[in-house]
Amino acid sequence: MNGTPALSILEAARGSVVTAHSPDYEQARSVYNGMIDRHPLAVVRAVDVADVRVAVAAARESGLDLAIRAGGHSVPGFGTVDDGIVLDLSRMKGIRIDPSKRTARVQGGCTWGDFDHAAHAFGLATTGGIISTTGVAGLTLGGGIGYLARAHGLSIDNLRSVDVVLADGSFVTASENEHADLFWALRGGGGNFGVVTELEFDLHPVDTIYGGPMFFELENAEALLKTYREWIAADPRAMGAFPAFQIAPPLPFVPEDRVGEPFALLVSCFNGSDEDAEALLQELRAVGTPVAEHVGRMPYPALNCAFDGLLPAGLQHYWKAAFLPELTDGAIAAHLEHGPNVPAMQSTMHLYPIDGAVQDVAADATAFAYRDAKFAPVIAGMWPDPADNEANTKWVRDYHAALEPHTSAGGYINFMAQDDQSRIQANYGPNYGRLALVKHTYDPKNLFHLNQNIAPSE
């Protein structure tokens with residue numbers, strides 16, 4: 001399709017409009033997942049809501065595809081598109097913390113690193129992700145699982161309001177009191193309903209935490225997982241901790257002769273006293289002496305960016321996700337079969353706990369339906385060399401297939417791969433029908449379809 005009309009409309013943007021003729025086009029079109037290589041007609045680097053409305057109008061009036069990019073971490077590459085318009089929000093980074101009300105107003109281009117830095121200055125935080133370069137908006141709209149979920153719920157459970165540019169160009173604020181149906185859908189429904197330009201969150205007292213990684217021998221993995229299953233259920237909600245499989249990277253606390261070997265990993269985050277944290281962690285150390293650990297008191301943002309150095313932009317990414325009602329012996333057997341075969345230092349399986357405060361919210365109170373699940377495993381294949389794509393993708397698929405008999409029908413929308421669109425109804429379960437109706441109300445022509453797409457339904 002001829003993009004001339006779109007480019008003419010985009011001339012009204014105050015932010016830069018990058019095209020194939022621009023010197024920074026290659027940088028502007030790149031995204032986090034190195035597997036994704038797309039060539040948009042234009043990348044609009046919005047600086048305000050007016051620019052967002054211009055980009056939406058350009059796509060709507062010209063019939064071009066519109067991709068929304070904030071942090072750019074979308075594994076399926078939804079933040080870019082061939083021959084369409086990319087709306088890049090990454091320059092919209094305004095943050096305002098109100099320490100007396102314990103709230104944060106965060107623009108759509110902010111990352112969790114931006115958020116954590118601003119909130120930590122006041123000893124506050126809310127549930128965010130595990131990688132600080134992840135976009136706040138993208139992670140939140142899909143649900144938002146992180147270290148603080150057991151204590152404070154998902155990111156969406158801490159949302160007070162959301163500013164949105166809709167498909168027709170109108171600007172609305174969605175909350176419990178305004179556009180309540182849209183607010184319901186945005187809390188878990190992803191980017192299906194509009195462009196989120198600002199989010200307002202509740203904050204909680206979280207300053208320094210006690211935690212960090214512990215590497216266990218693979219021979220201790222079964223005991224670790226079985227002990228963890230009972231341990232996390234009995235722990236206070238202030239403990240956010242997840243097991244994983246990980247090849248040991250070259251870190252100062254890892255013995256040099258063990259770097260490059262696979263281990264069972266436990267990463268902890270406790271918002272409480274050192275003494276209480278150590279008492280809890282000793283129960284896990286009893287399964288086997290850790291080969292290496294870096295556990296102690298640290299600022300919360302330090303833990304939330306601990307994996308950043310291992311996962312720079314440009315790696316190849318292929319992920320699969322699930323929900324576990326229980327960590328059964330059968331599920332543990334699947335983890336033990338595939339987890340130790342983790343194929344690259346960057347690849348991993350994380351098993352996030354989503355009990356506690358997450359389960360305090362009714363399954364139909366937000367679009368995130370799986371409030372009865374206790375765990376959310378993600379099998380995250382990440383590696384540097386495209387030559388390894390076939391073998392490493394196979395590891396992810398085989399692992400997921402082995403785990404599937406023990407999981408719920410759907411999985412966490414933020415961890416879905418580019419070939420998971422067929423799972424969209426299962427991912428929302430009984431909430432899908434209502435989501436389709438809200439989609440019809442706010443985006444009947446499906447302008448916002450570059451996502452795990454919910455088709456509009458009357």
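This is a predicted model: local features need pLDDT of at least 70, side-chain atom pairs count only at pLDDT 80 or more; totals for chains, interfaces and linings use all residues.
**Entry 1: a charge and a ring**

I started at Trp184, where the charged end of Arg434 sits over the ring, 3.9 Å from its centre. For this label, NZ of Lys or CZ of Arg has to be within 6 Å of the ring centre and within 35 degrees of the ring normal.

Residues are numbered from 1 along each chain as its sequence is written, and side-chain values use heavy atoms, with hydrogens and water left out.

**Entry 2: aromatic pairs**

Next I looked up ring pairs, and the structure holds 16 of them. Rings of Phe, Tyr and Trp (its six-membered ring) pair if their centres lie within 6.5 Å; planes under 30 degrees apart are stacked, over 60 edge-to-face, and the rest tilted. I picked Tyr352 and Phe415: their centres are 6.1 Å apart and their planes are at 35°, so I wrote down "tilted".

What does this pair tie together? Tyr352 is in strand β18 and Phe415 is in the loop between α12 (389-403) and α13 (424-428), so the pair joins parts that are 63 residues apart in sequence. Strands here are DSSP E runs of at least two residues and helices are H or I runs of at least four, numbered from the N terminus.

Tyr352 is buried at 7% relative accessibility, and Phe415 is buried at 11%. Buried means under 20% relative accessible area, exposed over 50%, and partly exposed in between (1.4 Å probe, protein chains only). Both rings belong to a cluster linked by ring pairs, which also includes Tyr147, Phe242 and Trp319.

**Entry 3: Ser347**

I found Ser347 in the loop between α11 (329-338) and β18 (348-353). Ser347 is buried, with a relative accessible area of 0%. A polar atom of its side chain lies 2.9 Å from the backbone nitrogen of Met382. Leaving aside neighbours within four places in sequence, Ser347 has contacts (heavy atoms within 4.5 Å) that include Phe245, Gly381, Met382 and Trp395.

**Entry 4: cysteines**

How many disulfides are there? My search of the whole structure gave zero. A disulfide would need a pair of cysteine sulfur atoms within 2.5 Å. Cys110 is buried at 0%, and Cys269 is buried at 1%.

Terms used:
A polar contact is a pair of N or O atoms within 3.5 Å; within protein, one must be able to donate a hydrogen and the other to accept it, and residues adjacent in sequence count only if both atoms are side-chain atoms.
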